[in-house]
Structures are given as structure tokens and as C-alpha cells.
Amino acid sequence: MARFNILELDRRFIFLMIFLSVLTPLFLPAPKTVKVSPEVKKVYDRIEALPAGCIVMLACEYDPSMSAEMSPVNMVVLRQCFRKNLRVLTTCLMSNGVSLVESEINLVAAEYDKKNGVDYVYLGYKPYPAAIILAMGEDFRLAFPSDFYNTRLDDIPMMKGVKNYQDVSLVLAITSTSGIDYWITYGQGRYRFPLAAAASAVMAPNYYNYLDSGQLFGLIGGLRGAAEYEQLAKKPAAATKGMLVQSVSHLLIVGLIVLGNVSFFVARRRRRGQE
Amino acid sequence: MDPVEMLLRTLAVFFTMAIFSFLWKDNMIYKFAEHLVVGISMGYWCVILYQTSFLSKMWGPLTRTLAGHPEGMPDRLVFVPIALGLLLFTRFFPKISWLARIPMAFILGVGSGVAIPLGIQASVIQQIHPTMAAFQPATWTGVGSWFNAILVLMGVVCGLAYFFFSAKHTGILGGMSKIGIWVLMIGFGASFGYTVMSRISLLYGRVNYLVFEWAGPLVRGLF
């Protein structure tokens, strides 16, 4: 009888196991607590400390392919801002995400009965992020003469007296790409406004050094960061539920890595023994 | 649920499964879905670009200026970028293709002028400071901060030593570059771990959609 060799396992079994490890925890209760990291807490605390009426700028740069990871951050931050009666100014410097971001803002704004142009403004998309970020530092009207709905900024009540980054309390770049580099280099580097980032987990490790240098005052990394934020906001949602999925699937992946390595070394030892 | 909404969700599920079918093996349905994504993304991008840039940044100011209703000086300046933009198309005409160098020179000049000083400031100078600032007595908070400061400095210096190719990697430099490799490997390991987390998050998003936003309402609607 042929001996089963883990190294010859069809990769489709691994895909199936990963799928089941993601599917099964969905039917289990979400974790009650998620340990909050200081870099996430700093973002939450800073927004929480702002008095009503202040403007928070959210630079949402993600498209539907990254929505599972980035939308929970955007939603929970928007809910915090609207709960505190802060005004929100949003851009989307990624063309494929324009409608997605718009629908999320409108959804959360409707929950809190907030009005477009009064409580929030959605500027939408313009190409060439570096040029747009620099132009907004001089005047939002240079980069965006009108908002997403083609209303001139001068005709929008919320934008009265709001000229550039000096008139916003902080900028949070919610970005699934290296777009944060633009905000750090051309935005914070040139105009020195308080900047925080919410990065996809792939990108997050690249930005921890900017925390130490003070160029970022906070960092929300991937779905885990979103879950921590939901914990702080006491509004557990999709990200918190996703933590159990992460734990189970990570355990499986670690187990498979260990099993694959052990099998590899055992097979090599056997091969050498036969030689 | 609204039948149209349910139909749209079913369509989304079909394309999700079409993309996942690649995990079994490459097939026509996967290729169809892949091409559709590329085509729709491109079409969407063109429309967005036309609406948000061509109309508002070029056509609007141009027609206003030509009609004699310029709203401030910047509108009159619209002729400069339009002329530069049109010059880019001279590349298609060999006899006057050299004219395309003018806007290219402008783009490169402005791009470099803006990017180099800001890039060096943000990515080099401001990064060097915290590496050394940890040794300032004012920032010491105990043995832990000492340890961290030394670890960070060692990681930076040894990591740089690995990329220093002007001398043979033997002796002290060899030892430092070996530590540098370890530092890099730890960095790559952390990045890989985060990448796994990110990909699982995306799969979670799709599975969550399949189960709770499509299958759940569908079953409730049927029974």
C-alpha cells in the first residue's frame, strides 16, 4: 500500500481547508474583547477629544477589491465623527472607489441624520494624488472647484471659511495602497498637519517607522486595527466578527507551515538514509 | 427582498465563484470574469476621469473664458496646460514629434522639483532623527527604552551594512551584514504575516457576503 505523503497533497485540499476555516467561525459568536494597541487608541482618543463642529478629513483611497478590509475602518470612524457632531470632509483619490466611498458616507450619514453640505462634504476623485494633495494645502478649491455632486465649494455651507489643511483638525488617510506615502511626503511633509493612517494589513508594517518619527500620530492596521477601533467605539461589527475567522485560519496556516516543514525534513532525512 | 436587488446579488455571487474557480484550474468562466473586471474598471475610470477632470478642469474653464465670463485669472491660464497637453500628441507625427519634449520636460522638471526635496525630508531626514533621538537622556524611561534604542540603531546600521558593497563583507563588516540579513528577514517575516492576515480578511469579506448577504436572504425569501 502506497504511503501518504503530505508533500504530495493536492493544493486544492489546502484551499478547501482554508475556505472551511473562514466559513465555520462565521456561525460562532464574535469575540467579546479585542486587545487595543496604543497606535489605534491614539487615533480614537484624538478624534474623541475634538469639540463638536471641528472638521475631520478622511482621505479614503480603496476600491471594492479591498473593501472587506478598509470599509469597516471608514464606517466606524464616520460613526464616531457623526456621534460627536464633528464635520467630515472626504476625498477619494482612487478612481475605482469613488462610488463605494460615497455610498458608505451616505449610509452612515443617514443613520445619524446628517446633511450633505452641512455636516459632511464629499469631494470625490481627481487624478494625480501628489498634485492634488499639494494643491489642497493651498486651497481646497484649487484641487476641487466643486464637490462630487458638482456643487461649487463656495456654495457649500460647510466649506465657508474652510480654505486648506489649516482649517481641518486632522487628516486620516484610509488607504489600501501606498497612497499613504503621498500623504506623508506631500501632505504632512509640506504642510505639517496632524496625520494618521489606516492601512491595509499588507501595507501596515511599512508605516510603523513613521509613528516613531511623529509623522503619523496613529496607525490602524488592517481588519485587526478596525476591530480594535470597534472595541474602543463600543460598536462591534464586521471587523470584530472577523477576528475569530483570522484566529482559526491563522492557526490552520501555521499548522500547515509546521507540517510542511517537518515533512520536508523527514523526507530529506529518509532520502539521505537511502543513499 | 427586492427581486432586482436579489438578482444583482446573485450576479455578484456568480462572478465571485467564477473568480474562485481558478483555484480548481484555469477555465473559460474565470477568463470571462477576469476580462469583465478589467473592461469595467477601464470604462469606469474613463467616465470618472471625463466627469471629474476633463469637464471641470478643462472644458468648463475653457468655455467660460471663450464666452467672456472668466471667473478670475486662473481660468485664463487654462490655455497653458491645454497647449502643453496637446503638444504631447505631437509624438504621433514624426516631423514635429520633438515638440512633445516640451511638456515632458515640464512634467519631469516640476515632478522632480517637488518630489526630491520633500521625499528626502520625509523619508530620510525625518527618519534619521528618531533613530538617534532615542539616546537623548530626556527620552529614557528605563531599561526597556535603552534596549529598544540600541536594538533600533543596531538594526538600522547592520541593515545598511548589508547593502554596502564598496568593501568585501568580511570581518566586522561581514558580521554586521549577517546581522543585517537577520533584521531584514524578521522584517520580511512580519510583512508576510500581515499579508496573510490581509488576504484572509478579503476572503472573509467574500464568504461573509455569500453567506449573510446572499444565501441568508435567499433562503428566507424562498421558505
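A residue is called buried when its relative accessible area is under 20%, exposed when over 50%, and partly exposed in between (1.4 Å probe, protein chains only). A salt bridge is a side-chain nitrogen of Lys or Arg within 4 Å of a carboxyl oxygen of Asp or Glu. The structure is a predicted model, in which local features need pLDDT of at least 70, side-chain atom pairs count only at pLDDT 80 or more, and totals for chains, interfaces and linings use all residues. Residues are numbered from 1 along each chain as its sequence is written, chains are lettered from A and ligands numbered from 1 in the order in which they are written, and side-chain values use heavy atoms, with hydrogens and water left out.

Glu61(A) is buried yet has no salt bridge. The nearest side chain of opposite charge belongs to Lys126(A), 14 Å away; here Lys and Arg count as positive and Asp and Glu as negative, while His and the chain ends are not counted. Glu61(A) lies in strand 1 (residues 55-61) of chain A. Helices (H or I, at least four residues) and strands (E, at least two) are DSSP runs, numbered from the N terminus.

In soluble globular proteins, nonpolar side chains tend to be buried together.

Strand 4 (residues 170-175) of chain A pairs with strand 5 in the parallel sense over five bridges; pairing requires that DSSP find at least two bridges. Thr175(A) stands opposite Ala199(A). In strand 5 (residues 195-199), five of five residues are buried. Leu195(A), Ala197(A) and Ala199(A) are buried on one side, Ala196(A) and Ala198(A) on the other.

Chain A holds 10 helices and six strands. Of its 275 residues, 54% are buried.
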